[in-house]
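Reader: Could you walk me through this model with me asking as we go? I would like the cut-offs spelled out whenever a term comes up.

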Amino acid sequence: MTLLQLSRIGKQFGGLCALSEVSLHIQKGEIYGLIGPNGAGKTTLFNIITGLYQASSGEFQFNGNNYHATQPHLLAKAGIARTFQNIRLFANLTALENVMIGRHVRTRAGVLGALLRDKKTLAEERAINARAHELLKYVDIPARTVAKHLSYGEQRRLEIARALATDPLLLALDEPAAGMNATETASLKALLQQIRDGGITLFLIEHDVKLILGLCDRVAVLDYGKKIAEGTPEAVRNDPAVIDAYLGHAHEP
Amino acid sequence: MQNAPEKRLHKLLHSRSFWVCALLLLPFATDALLGHGWVRILDFAMLYIMLALGLNIVIGYAGLLDLGYIAFFAVGAYCYALTGSPHLATAFPLSIEGGVHWPFWVVLPFAALLAGGFGILLGAPTLRLRGDYLAIVTLGFGEIIRIFLNNLNAPVNLTNGPQGISRIDPVSIANLHLNVTQPLFGMEIPSVHLYFYLFLSFTWLVILASKRLEKSRIGRAWMAIREDEIAAAAMGINTRNLKLLAFAMGAAFGGASGALFAGFQGFVSPESFSLMESIMILCMVVLGGMGNIAGVILGGVLLAILPEMLRHSVIPLQQGLFGKIIVDPESLRMLLFGGALIVMMLYRPAGLLPSRVRRRELGSDEMAEKP
């Protein structure tokens, strides 16, 4: 079943065409990779499917609903959660608070509940707390530590935990392994596989070729805002267009 | 190990009943020790605390810098003044004879709601602004309200212009009129004392509400917006609605204290709602410790009471030393106040009693909290 279907997405910033006519579809339960040289438009595409940018043209379908111009919180509610290329945690709050905030979209208590602290609100608070602790245990991060005092790899994992707290159908990860060493990357890979086995579809931008090859079911390649290849990692790796995009054209002898 | 008397003292300072008794006896103690003017000063301090706590929701929790906060206080005060005085009846002969005179329990929520509405009115056009830009717009908003109040005596005399509205009903709760001395258990409780207890209970309510909001789903969402608005939106927080809610909640607290102010004072005029007042309340929040309830209360008490102490000490001191008054206490107040702010920013940038989050933000806790 198709979870996310992009049809001819285009995005212009003034005269700059960041994306043109990008179409792709992601099946439920797969790990889909998006690669491309710097400036190819990968993050722009992520920002469109998470509502931070509005597409200039085209639209996308998620879980059966059409989206063209919408707001980030509605997409989070629909089931798309994301992490950011340059980590955007709530830096001065604790790990626990960060993940608890992730539960916001799946909980209901309002001002009256907060002021009156009725049974329902208290039960909900307890559930939020329990779920947050569970997720922190899952990614192995101490609950009481302030986010900005965590190590880089931990911050990345905390961002994933916070995204998981929104109960997503699709988890969009923007360069999750950036800046990680080999050991950290290996444990990240195991974590991502575990998340997929839990039934969550993954969509990731990544530069680490080894990670992409070992993890993704399918890969799309962007270059100058256009999709130039799509397929299994092996097929994409040997695609002449992809080699050209990364290494430049071979000179004619 | 603590020794026994120290332990007992510690226990006493942490028992709720001790504090309740101390606060209940406070007006009598100040009367006996400092003189009769002081309970009135305490009453005003309490109003300031309520205002500072309301502003703390907007600034401390949601991170929205509001320099026109006094406007909501004005809305609440005029709301009480118009419904509780004969002014409307005399200005508009068609309305009810002698004014509407709603009971206190109707006016107070109405004033809070109306001020909350004004909060949304201010919030809606400024949703996309942050920091300095937001501060400038809110500053303008505060001035607009004051200027409206100042000039709305023509073509229709709604606010009676700069003369203000007088003959406002005092607060009366279930036939207990707070403007006259009331007998209780054989004691005579003066009016200012009665207002003290009224304000004390409302301050307690505002503190309770602030505390509960802080540790709730809504409070966490506000903190998320303050920390990183884009990440907050990506986590499914409706940043627009929650920012409006912060403005409305803060404004509602401001409006309620405005209504109490009008009932206490019996008179309102636009000059009580100048920009300087907004800045004073902001200073209470910043000086005490933004985002921390205890800090904000401390800031409110200090800034409301210190000028009075100054007034009571500077004039006699100068007269004793020079035989005349050389420096007016009002200008001395601003001088000391400015100095205090500079010293604060250098040595305690997060406030006298900073919140743990602000402390982390300003990096003075590196040692303490590193795992």
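Reader: How much area do chain A and chain B bury between them?
Author: In this predicted model, chain A and chain B bury about 3,200 Å² between them, with 62% of it on carbon and sulfur atoms; buried area here is the accessible area (1.4 Å probe) that two parts lose on being put together, summed over both. On the side of chain A, the residues that lose the most area to chain B are A:Asn92, A:His104 and A:His149, together 20% of what that side buries.

Reader: And how many residues are in contact across the two chains?
Author: Taking contact as heavy atoms within 4.5 Å, 38 residues of chain A are in contact with 37 residues of chain B.

Reader: Before I go on, what conventions sit behind these numbers?
Author: Residues are numbered from 1 along each chain as its sequence is written, and chains are lettered from A and ligands numbered from 1 in the order in which they are written. As the model is predicted, local features need pLDDT of at least 70 and side-chain atom pairs count only at pLDDT 80 or more, while totals for chains, interfaces and linings use all residues, and side-chain values use heavy atoms, with hydrogens and water left out.

Reader: How many salt bridges are there between chain A and chain B?
Author: The count is three, where a salt bridge is a side-chain nitrogen of Lys or Arg within 4 Å of a carboxyl oxygen of Asp or Glu. The side chains of A:Glu97 and B:Arg356 meet in a salt bridge, at 2.7 Å from N to O.

Reader: Which residue types make up the side of chain A that touches chain B?
Author: That side divides into 18 nonpolar, eleven polar and nine charged residues, where Ala, Val, Leu, Ile, Met, Phe, Trp, Tyr, Cys and Pro count as nonpolar, Asp, Glu, Lys and Arg as charged, and the others, Gly among them, as polar.

Reader: Switching topic, is A:Asp174 buried or exposed?
Author: A:Asp174 counts as buried because its relative accessibility is 0%, buried meaning under 20% relative accessible area, exposed over 50% and partly exposed in between (1.4 Å probe, protein chains only).

Reader: Which residues is A:Asp174 in contact with?
Author: Leaving aside neighbours within four places in sequence, A:Asp174 is in contact with several residues, including A:Thr43, A:Arg82 and A:Arg156.

Reader: Lastly, what does the C-alpha trace of chain B span, and how much of that chain is buried?
Author: Along its principal axes the trace of chain B spans about 70 × 55 × 50 Å, and 48% of the 371 residues of chain B count as buried.
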